[in-house]
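Please look through the structure shown here before reading the notes, which are arranged by topic.

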Amino acid sequence: MSNQTQNSTALPIRNVCVIGAGTMGGGISAHLANLGFDVTLLDARLDIALAGLERARQARPPAFYMPDRAAEVRVGDTEENLQWAAEADWVCEAIYENLDAKKALFARLDPVLRPDAMVSTNTSGLQIQMLAEGRSPEFRRKFLGTHFFNPPRYLKLLELIPTAETDPSIVRAMGEFLEDFCGRRVVMAKDTPGFIANRYGMWAMFKAIHVAERLHLTVEQVDAITGVFLGRPRSGSFRLADIVGIDVMRDIAANLIERCSDDPFVETLRQPSSMVNLLARGWIGDKTGQGYYRKEGSELLALDLQTFAYRQRREPDIPSVAAQQYLPLAERVSGSLDLRDEAGEFLREYLLPALRYANYLKDKISYSVEDFDNVMRWGFGWELGPFALIDAIGSDRVGIESKPFYKGNTLLGFDGKYHKLRSPEKYAPLSDYPIIETGAYLTLRDLGEGVTSVGLASKMGIIGPELMEELAATLEGKVQDRFVLTSEARSFSAGFDLKYFANRIQVGDYAGIERGLEALQGLAALLSSRKCVAAVFGHVLGAGLELALGCPRMVAAAESQIGFPESRVGLLPGGGGTTQMRLYNQHSAKRLAEVVLNLGLGTISQGADHARSLGFLRATDDTCNHPDRLIHDAKKLVLSLEEMTAPEWRVIEGPLVGIIDREIESARASGAMTDYDAVISDKIKLIFAKSANAEVALTRERAEFIDLCSKSLTQARIRHMLEHGKPLRN
Ligand code: NAI
């Protein structure tokens with residue numbers, strides 16, 4: 001496990017036993033194996049456990065960082081191998097949602113567990129207290145709910161549910177462990193049916209469907225109103241129902257209706273007629289290929305709620321939604337409540353009751369409205385949770401009596417007093433840090449303790465001559481001390497501005513291209529002499545990767561897509577990237593041959609671990625497995641950075657050219673590489689094999705880059721990419 005929080009009082013857990021190899025058990029096992037834990041996965045029968053692991057290995061989106069990690073998960077069954085639970089530091093139960101089955105399993109586990117081991121349940125609806133009944137005091141003292149969300153690799157929310165008997169110090173330590181070592185954002189929830197996410201989130205989904213049916217809106221209209229427009233994911237309400245599964249919604253709702261008879265709003269969880277209809281037909285969402293939408297090839301058809309037939313998707317066509325979409329969220333939502341059209345009517349009937357319901361539930365199910373809001377932010381992707389929305393709209397308008405829930409950096413507690421908000425620095429996003437200076441292409445921020453962030457501020461972190469000039473001036477002037485190179489954009493960097501090269505090629509300005517490459521190489525060299533760390537995420541491509549590798553160390557977000565895709569536009573990395581790849585992979589000729597292939601094919605990694613296996617990350621670079629801690633980890637790393645020595649160019653023993661030639665030849669024979677990909681690969685091979693030192697290699701990569709620019713096949717690839725956004729395989 002890399003770069004995790006030191007000085008943590010979190011539990012020393014290394015070995016985890018997950019019981020139940022279904023959707024959740026498989027996903028949790030994969031996630032924990034990704035993070036470096038020793039994982040055992042048990043099911044009632046060995047064949048079911050093996051099949052469960054195989055499903056996780058093949059899951060889409062991938063559950064494992066690298067599919068071969070699955071082989072590291074030990075698989076067994078609860079009849080023969082229950083004693084393996086005795087080796088575990090944490091047993092995480094994820095079997096069927098059935099009280100008796102879970103209780104029977106815990107009764108068997110109780111005498112087996114080590115006294116210092118943790119034990120938890122992943123139930124989504126059963127009462128934790130009831131699951132603990134009949135167990136030994138030792139078991140009850142440490143037993144709690146760890147409610148993961150599906151899929152665990154991608155959804156960071158975890159509801160932590162202690163019982164009245166769980167030792168508070170264990171609850172704290174477990175919460176810290178899940179945050180520091182399992183990439184979770186933890187919210188404590190009360191032990192009530194469905195906890196926070198399912199109790200409220202499910203209700204909000206049902207409410208949207210009921211209102212849509214009553215107002216005769218189309219599924220597209222509702223998804224447009226309840227999606228991005230409300231500061232929520234594009235999936236809105238109906239797409240989300242398909243993703244969650246109509247059957248899962250039915251089961252959760254049925255459990256809530258049964259257990260929450262004193263809740264005056266519970267009737268909303270009765271099935272809307274469209275759900276009854278879908279369930280009767282077995283059209284339960286994505287897992288059956290159809291629900292409120294149906295996938296047909298690459299097309300998504302929409303269900304007509306009146307005729308119950310699928311039809312072409314229609315543009316939602318609600319002018320007010322289109323007109324207001326660029327206003328800030330708070331303004332947009334409060335303004336849209338006054339609209340005299342479908343959107344206004346829908347929001348008055350859906351949003352206001354949903355906010356009132358949150359207000360009704362708040363102290364019954366959560367410990368604070370901030371926790372409540374965080375569940376909706378982290379579990380459902382809402383930009384603003386219900387209480388922040390109430391503040392934005394005004395409690396009068398919502399129809400409740402309350403002071404503002406948030407005031408400055410304080411929060412209204414259930415005691416009616418304002419309390420300081422907990423905002424742990426370790427999760428502060430870049431945008432929370434004070435700006436020192438806003439340039440045309442860079443933003444400088446004060447990260448504290450003498451560390452500055454230098455953030456690329458162009459769209460997608462695209463790099464062009466002006467940005468490079470500003471960066472060089474910044475590094476030579478304003479930023480002298482330790483700094484983090486990162487991006488203010490949604491991705492670290494999508495690479496060099498391709499239009500710039502296209503324009504230079506068109507006017508035959510090859511000297512201009514050479515100057516651009518020299519500047520890029522110079523920047524990487526400048527960075528390498530400084531105490532800096534690159535904090536990368538999203539796309540980390542081409543020139544962006546060259547700058548990042550220029551920094552002595554890198555911290556890469558686990559889900560980063562990293563690579564040198566230059567060959568896709570008929571080029572090779574010419575801003576130092578080819579030389580960097582040679583220097584950081586020179587420990588073996590075989591490795592260098594693999595790297596030539598990856599460069600020749602323009603491979604982009606699926607995640608940081610994959611990037612490491614492809615040679616794009618160095619052994620000394622860190623992976624940040626927590627989705628919200630990149631800046632914190634990078635700052636910590638840069639503060640600890642010592643003098644780094646640059647790697648020295650090593651002469652490769654053995655027949656490097658021959659080894660690479662064979663790789664290229666077989667890639668070409670299999671059709672993976674086109675002839676022109678092979679031409680590019682050949683150039684990379686010669687830079688790798690025939691340069692006496694890094695200086696020579698840098699000169700050569702510029703020269704080969706320019707040579708490729710003059711080729712018509714390269715020019716065709718560039719044109720195609722600019723016109724169609726897709727590579728041309730010529
Ligand atoms: P699932 O039905 O996909 O898998 C359950 C697995 O448990 C099966 O492989 C079954 O063979 C095994 N099993 C049943 N009884 C067993 C026993 N006595 N000993 C050993 N293995 C046994 O269920 P899923 O969806 O993975 O749910 C598991 C738990 O997680 C449930 O409590 C569910 O409420 C909860 N949950 C489910 C979520 C989801 O999205 N599917 C989300 C969050 C929690």
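In the hairpin formed by S15 and S16, which has three residues between the two strands, Thr 438 stands opposite Thr 443 in S16. This is a predicted model, in which local features need pLDDT of at least 70 and side-chain atom pairs count only at pLDDT 80 or more, while totals for chains, interfaces and linings use all residues. Residues are numbered from 1 along each chain as its sequence is written, and side-chain values use heavy atoms, with hydrogens and water left out.

**Strands and their pairing**

- Strand S15 (residues 435-438) and strand S16 (residues 442-448) run antiparallel and are joined by three bridges; helices (H or I, at least four residues) and strands (E, at least two) are DSSP runs, numbered from the N terminus, and two strands pair if DSSP finds at least two bridges between them.
- An open sheet is formed by three strands in the order S12-S13-S14, with antiparallel pairing.
- Strand S12 (406-407) and strand S14 (418-420) stand at the edges, each with a single partner strand, so one side of each is left without a neighbour in the sheet.
- Two bridges link S12 to strand S13 (residues 410-412) in the antiparallel sense, and Tyr 406 stands opposite Leu 411 in S13.

**Backbone details in loops**

- Most residues other than glycine have a negative phi, and most peptide bonds are trans.
- Arg 60 and Pro 61 are joined by a cis peptide bond with an omega of about -10 degrees, and Pro 61 lies in the loop between helix H2 (46-57) and strand S3 (74-77).
- A cis peptide bond also joins Asn 150 and Pro 151, where omega is about -5 degrees; Pro 151 is found in the loop between strand S6 (143-147) and strand S7 (157-162).
- His 216, although it is not a glycine, has a positive phi of about 55 degrees, and this residue lies in the loop between helix H7 (197-215) and helix H8 (219-226).

**The ligand and its surroundings**

- Around the ligand there are 21 residues, of which Met 24, Asp 43, Glu 97, Lys 102 and Ser 124 come nearest; a residue is near a molecule if one of its heavy atoms lies within 4 Å of it.
- By class, the shell around the ligand has nine nonpolar, nine polar and three charged residues, where Ala, Val, Leu, Ile, Met, Phe, Trp, Tyr, Cys and Pro count as nonpolar, Asp, Glu, Lys and Arg as charged, and the others, Gly among them, as polar.
- An oxygen atom of the ligand is 3.0 Å from a polar backbone atom of Thr 23, a nitrogen atom of the ligand is 3.2 Å from a polar backbone atom of Ala 44, and an oxygen atom of the ligand is 3.4 Å from a polar backbone atom of Ile 95.
- The ligand taken alone exposes 830 Å², and the protein buries 79% of that; accessible areas come from the Shrake-Rupley method with a 1.4 Å probe.

**The second largest pocket**

- The second largest pocket is lined by 30 residues, of which Ala 494, Gly 495, Phe 496, Leu 498 and Met 721 lie nearest its centre; on a 1 Å grid over the protein atoms alone, a pocket is an open set of points where a 1.4 Å probe fits, with protein on both sides within 12 Å along at least five of seven lines, and lining residues have an atom within 4 Å of a point.
- The lining of the second largest pocket has 19 nonpolar, six polar and five charged residues, and its largest share, three residues, comes from H19.

Definitions and conventions:
A polar contact is a pair of N or O atoms within 3.5 Å; within protein, one must be able to donate a hydrogen and the other to accept it, and residues adjacent in sequence count only if both atoms are side-chain atoms.
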